[in-house]
Amino acid sequence: MLYLIAESPAAHGVFEEVEETERMVYVTILSVGMTEKYTAMSQGLAPEWRFSLADSADYQGEKKCRFRNVLYEVIRTYQKGRGIELTVQRSNADV
């Protein structure tokens, strides 16, 4: 299970805070291929996982997710038929 994290600004008086909401989606866990990993690393990225969602409608453009209690950033999406694949790297906020 993967938790997609949506962010939306929430105004609290003068200050604007980011409000996060998580929702669970079922995914197939895929590994990151060596070619993809080395290409991404040359661009300063460090992909760790790929997740496949059976229906692309389950993904609503979230930029963050949580998997096995670790926070990740979505660095790439790939539409594949009706589904979509998300490639993620560990978030700097979780280090």
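This is a predicted model: local features need pLDDT of at least 70, side-chain atom pairs count only at pLDDT 80 or more; totals for chains, interfaces and linings use all residues.
Local features required pLDDT of at least 70 and side-chain atom pairs pLDDT 80 or more, whereas totals for chains, interfaces and linings used all residues. Residues are numbered from 1 along each chain as its sequence is written, and side-chain values rest on heavy atoms, without hydrogens or water.

A salt bridge was assigned where a side-chain nitrogen of Lys or Arg lies within 4 Å of a carboxyl oxygen of Asp or Glu. Nine salt bridges were counted under this rule. Helices (H or I, at least four residues) and strands (E, at least two) are DSSP runs, numbered from the N terminus. Residues are termed buried under 20% relative accessible area, exposed over 50%, and partly exposed in between (1.4 Å probe, protein chains only).

Lys64 pairs with Glu7 in a salt bridge, with 2.9 Å between the closest N and O atoms. Distant parts of the chain are linked by this pair: Lys64 belongs to strand β5 (residues 64-67) and Glu7 to strand β1 (residues 2-12), 57 residues apart. Lys64 is buried, at 18% relative accessible area. Glu7 is partly exposed, at 46%.

Glu22 sits in strand β2 (residues 15-25) and Arg66 in strand β5, so parts 44 residues apart in sequence are tied together. Glu22 is partly exposed, with 43% relative accessibility. Arg66 is likewise partly exposed, with a relative accessible area of 22%.

Glu36 and Arg76 form a further salt bridge; their closest N and O atoms are 4.0 Å apart. Glu36 is in helix α1 (residues 34-41) and Arg76 in strand β6 (residues 70-80), so this pair ties together parts 40 residues apart in sequence. Relative accessibility is 23% for Glu36, which is partly exposed. Arg76 is partly exposed too, at 37%.

A nonpolar core is a set of buried Ala, Val, Leu, Ile, Met, Phe, Trp, Tyr and Cys residues joined through side-chain atoms within 4.5 Å. The largest one holds 15 residues, of which Leu2, Leu4, Leu53, Tyr59 and Leu86 touch the most other members. Two or more residues each come from β1, β4 (47-53), β5, β6 and β7 (83-90). Contact denotes heavy atoms within 4.5 Å. Beyond its neighbours within four places in sequence, Leu53 is in contact with Val25, Val27, Asp58, Tyr59, Gly83, Ile84 and Leu86.
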